[in-house]
Amino acid sequence: MKNFFFLLFAALLFTACPPIEEKEVIVIGGGLAGSATAWQLAKAGKKVLLIEKQDSIYTSGSSKGKARIARSSNRGDDIWSYLHNRSVQEVQSLIKFLNSADGETTYQMSDIYTTSPVTYVGRTKIYDKLYASLIRQKVDYKMATSPTEGAELFGVSLPDSVLIQREYNAHSGTINPERLIQYLHKAIRLKGGSIGYNWKVKDINKKEDLYLLEIEDTKRKSTFQLVTPKIASAAGPFTGQLLDNIAPFFKKLIQPQRVFLAFYKIKKEVFEQLTSAQRQQLFDGFPVINSSKGTRDGSFFAMIEELDNQGQPIFKIGGHFQRSSINNLEKIWQQKLDEKEKKWSRDNMSRYFQLLNLPIEEDAIELVAEYSCVYSLTATEVPYVTYIPLENQQPNPNFIVLGGMSGVGAKGAMSYGLIGANLLLQKSEESPMYQQVSKRLGFERLQEDIVNLQ
Ligand SMILES: Cc1cc2nc3c(=O)[nH]c(=O)nc-3n(C[C@H](O)[C@H](O)[C@H](O)COP(=O)(O)OP(=O)(O)OC[C@H]3O[C@@H](n4cnc5c(N)ncnc54)[C@H](O)[C@@H]3O)c2cc1C
C-alpha cells in the first residue's frame, strides 16, 4: 500500500513537471541580425529556434521600416564595403532557395534592394581619401568637385568647397528590412527551424553544459523554460539587459541612443507640376548622405521610404548625430519629435531640394509621419559579432553575441548573420577580408574593450 501511494505521488509529480524541452540551438531576437543568423544556422542543417518578443509583424525595433541605405562605397574603411557586398551575395542565395522551394520565380532581388544612385555630399577636403576608397572598393561612380562640374554632371547647385559623388553599383540604393525579415523567417521554417513570436526571454542561466531560458509568452500570459547547449543573442538595444548575469559588461559596451525620423511628402499639386526631368532628378537624388556643412548638426541622411498609392515618394530624413539619451527603452519608439527636431528635418530636406535645383519650396513639403528609433552604439560604432568570455577568459564556443549594430546594421545584416552562425558552427572562411572583418567584430577586440572599461 505504501508503495502504491509512493508510485502515485511520483506519477503525479512527473505529470505536473514535464521535462524541460531541449533545443539544438536558440537565437534570441528576430530583427535583422538574429533572423540572418538563424537562417544561416538552419541552412547548415541545425534545428534552430528563433525567439522574438514581438508578434510576427515587426513594429518596434531598430530594424523597423522599409528602407535603409545600402552601399558599397564607404570612405576610408573597406570593411563596410565587404559587409554590404557579401550581404548582397547572401540575399541572392536566400532568393534562390525560396524560389527553388516554391518551384517558381516568385522572389526577386528587387523585393529586397531598390537599386538607385546613392549620393554622397561632403567637403572637398575629403577628396583624396574618398577617391582612394572608391578605387579600392571598385565602386562604379561619378564625382563633381566644383560648382561648374556639379551643374554639368548632375544638374545640381554645389556650394564652394563641396563635392558630390554618386555610386551606381547594382543593389546599392536601399535595402528593405521589413521584407528581408519576412523572407528570412519563411526560409528558416522551410529548412525545419521554428520561430516563437511573442516570446520574451526573461532570464538566461547556465545549468551544467546547458543554458536554461525563462520565457514569457506575452500573448498567453504564461511562462515556461527551455534548455539549449548553444545560444546566439541578437537582442539589439536590449542586449545589456538580457545578458546582465551572463555578460554584464555589454551594459556598458553597448549604449542605446534615440534617433528621430521624420517622413515627408511633396504637396500633390507641386509634385504634379514637376517635369519628367525634374522627377528623374528627384528620384536620382535619393538616398543621400549629406555632410556638406562639415558639422555634425548639419549632417543628415534621407531616402525614399516607399511610394504612396499614387506613386508619390514618401521621404524619410534623420541624422546619424541627432542622438539623445533614453529613459525608457520600451516606450521610446512611440516618442514624437519636438518642434526643434521637426524644424531641423524640414530645413535639411528643403536645403537638399535646393541643391538638386528642384522648384520645391519649404512650404510644399508636408510631414506625414514621425517616430523615434534606436541605435545600439559601441564606442567605435563597429558592431560586435563575437563569442563571450568563459570564466577563464577563453572564448565560449557555445554563446555568441551580435550587438552594437549602430547605424550600419542593415546593409551588412546578412554578413553579420553568416559570421555569427559560423562562430557557433566553429567554421570560418579563408578570404583575407572575411578574416579581417571577423577580427574587427570579434573576440580579441571584445576582450580589449572589457579591459578598457576597468
Ligand atoms: C533611424 C535608423 C536609421 C538607420 N539607417 C541605416 C542605414 O541607412 N543603413 C544601415 O546599414 N543601417 C542603418 N541603421 C541600422 C540598422 O537598421 C540596425 O543596426 C539594425 O536594424 C539592427 O538590427 P538588430 O537585429 O541588431 O536589432 P533589432 O532590430 O532591434 O532586433 C533586436 C530584436 O530582439 C528582440 N528582443 C529584444 N529583447 C528580447 C528578449 N528578451 N526576448 C526576445 N526578443 C527580444 C527585439 O524585439 C528585436 O526585434 C539605421 C538604424 C536606425 C534606427
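This short talk covers a sheet, a pair of helices and the surroundings of a ligand. What we have is a predicted model, in which local features need pLDDT of at least 70, side-chain atom pairs count only at pLDDT 80 or more, and totals for chains, interfaces and linings use all residues. Residues are numbered from 1 along each chain as its sequence is written.

Let me start with the sheet, keeping in mind that helices (H or I, at least four residues) and strands (E, at least two) are DSSP runs numbered from the N terminus. Four strands form an open sheet in the order β1-β13-β12-β11, with mixed pairing, where two strands pair if DSSP finds at least two bridges between them. Because β1 (21-22) and β11 (199-207) each have a single partner strand, they stand at the edges, and one side of each is left without a neighbour in the sheet. The pairing of β11 with β12 (residues 210-217) is antiparallel and runs over 8 bridges, and in it Lys206 stands opposite Tyr211 of β12.

Turning to the helices, Ile79, Tyr82 and Leu83 in α3 meet Met433, Gln436, Val437 and Arg440 in α14, contact here being C-beta atoms, placed from the backbone, within 7 Å.

Finally, which residues lie closest to the ligand? They are Gly29, Gly31, Gly236, Met405 and Gly409, out of 39 residues that surround the ligand, counted as near if the C-beta atom, placed from the backbone, lies within 6 Å.

Key
Contact = placed C-beta atoms within 7 Å.
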